[in-house]
Amino acid sequence: MDVDLRSFPALPRETVQRITKSAGPFIQSLNIAGFVDIDSEKLMDLTNDLCLMTPQVSLSYTQLRNINLQGCTGLTTRALHHLLIRSRSLETLNVKGLSAVTNTTCEVLATYCAALRKLNMDRCANMDAEGVHFMAKTATLRGEHLQLRELHLTGLKHT
């Protein structure tokens with residue numbers, strides 16, 4: 001199931017919560033680009049609604065394969081990482097221009113999102129090339145190659 005709400009950036013929080021609570025673990029694609037009012041608490045609640053709870057796994061996780069958070073300027077690094085750590089099936093991520101993205105975000109992606117194929121980190125002012133270098137190094141240490149096929153990094157420091 002795909003949830004594309006980018007055309008409704010002023011959608012009330014309660015409506016978004018009803019959608020995620022009812023469809024939660026079945027959602028595979030989430031597009032909330034432009035939701036400038038979504039803050040960290042809202043994203044963490046949304047993440048918890050999307051999680052599939054299983055007794056065999058100590059950490060709940062989502063079924064998300066695609067996430068677009070471009071323009072969600074109210075997010076914190078902590079809330080973003082909360083979502084990414086629980087999105088181990090993630091293949092496409094767009095966090096263009098978010099100040100919440102740091103080099104540590106790259107570490108989280110390298111550790112928890114090994115299937116990532118498309119990544120847009122354009123204009124993320126709080127990270128630099130070291131984060132991307134860490135992703136490549138982590139894959140090499142695991143004896144794997146980065147699965148990335150598309151990588152956008154314009155406007156980074158020290159690139």
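Let me begin with the aromatic rings: in this predicted model, where two rings pair if their centres lie within 6.5 Å, the count of aromatic pairs comes to zero.

I would now like to turn to the helices. Two packed helices are described by the angle between their axes and the distance between the axes, and I will go through the pairs in that way.

On the α1 side the contact is made by Arg13, Val16, Gln17, Thr20 and Lys21, and on the α2 side by Glu41, Lys42, Asp45, Leu46, Asp49 and Leu50. If we sort the residues of this contact between α1 and α2 by class, we find six charged, three nonpolar and two polar.

The next pair is helix α3, residues 77–85, with α4, whose axes come within 10 Å and cross at roughly 10°, and α3 and α4 are therefore roughly parallel to each other. From α3, the contact involves Thr77, Leu80, His81, Leu84 and Ile85, while α4 brings in Thr104, Thr105, Val108, Leu109 and Tyr112. What classes of residue make up the contact of α3 with α4? There are six nonpolar and four polar residues, and no charged ones.

Finally, helix α4, residues 103–112, also meets helix α5, residues 129–141, with axes that come within 8 Å and cross at roughly 20°, so α4 and α5 are roughly parallel to each other. Here α4 passes α5 in a right-handed crossing. The α4 residues in this contact are Asn103, Cys106, Glu107, Leu109 and Ala110, and those of α5 are Glu130, Gly131, Val132, Phe134, Met135 and Thr138. By class, the contact of α4 with α5 divides into six nonpolar, three polar and two charged residues. Please note Leu109 of α4 on the slide, which takes part in the contact with α3 and also in the contact with α5.

Conventions: Residues are numbered from 1 along each chain as its sequence is written. This is a predicted model: local features need pLDDT of at least 70, side-chain atom pairs count only at pLDDT 80 or more; totals for chains, interfaces and linings use all residues. Side-chain values use heavy atoms; hydrogens and water are left out. Rings of Phe, Tyr and Trp (its six-membered ring) pair if their centres lie within 6.5 Å; planes under 30 degrees apart count as stacked, over 60 as edge-to-face and the rest as tilted. Axes are lines fitted to C-alpha atoms, for helices over the stretch in contact, and angles run from 0 to 180 degrees between N-to-C directions. Helices (H or I, at least four residues) and strands (E, at least two) are DSSP runs, numbered from the N terminus. Angles under 35 degrees count as roughly parallel, over 145 as roughly antiparallel, 65 to 115 as roughly perpendicular and the rest as oblique. A crossing is left-handed if the near helix is turned anticlockwise from the far one by less than a right angle, and right-handed if clockwise. Contact means heavy atoms within 4.5 Å. Ala, Val, Leu, Ile, Met, Phe, Trp, Tyr, Cys and Pro count as nonpolar, Asp, Glu, Lys and Arg as charged, and the others, Gly among them, as polar.
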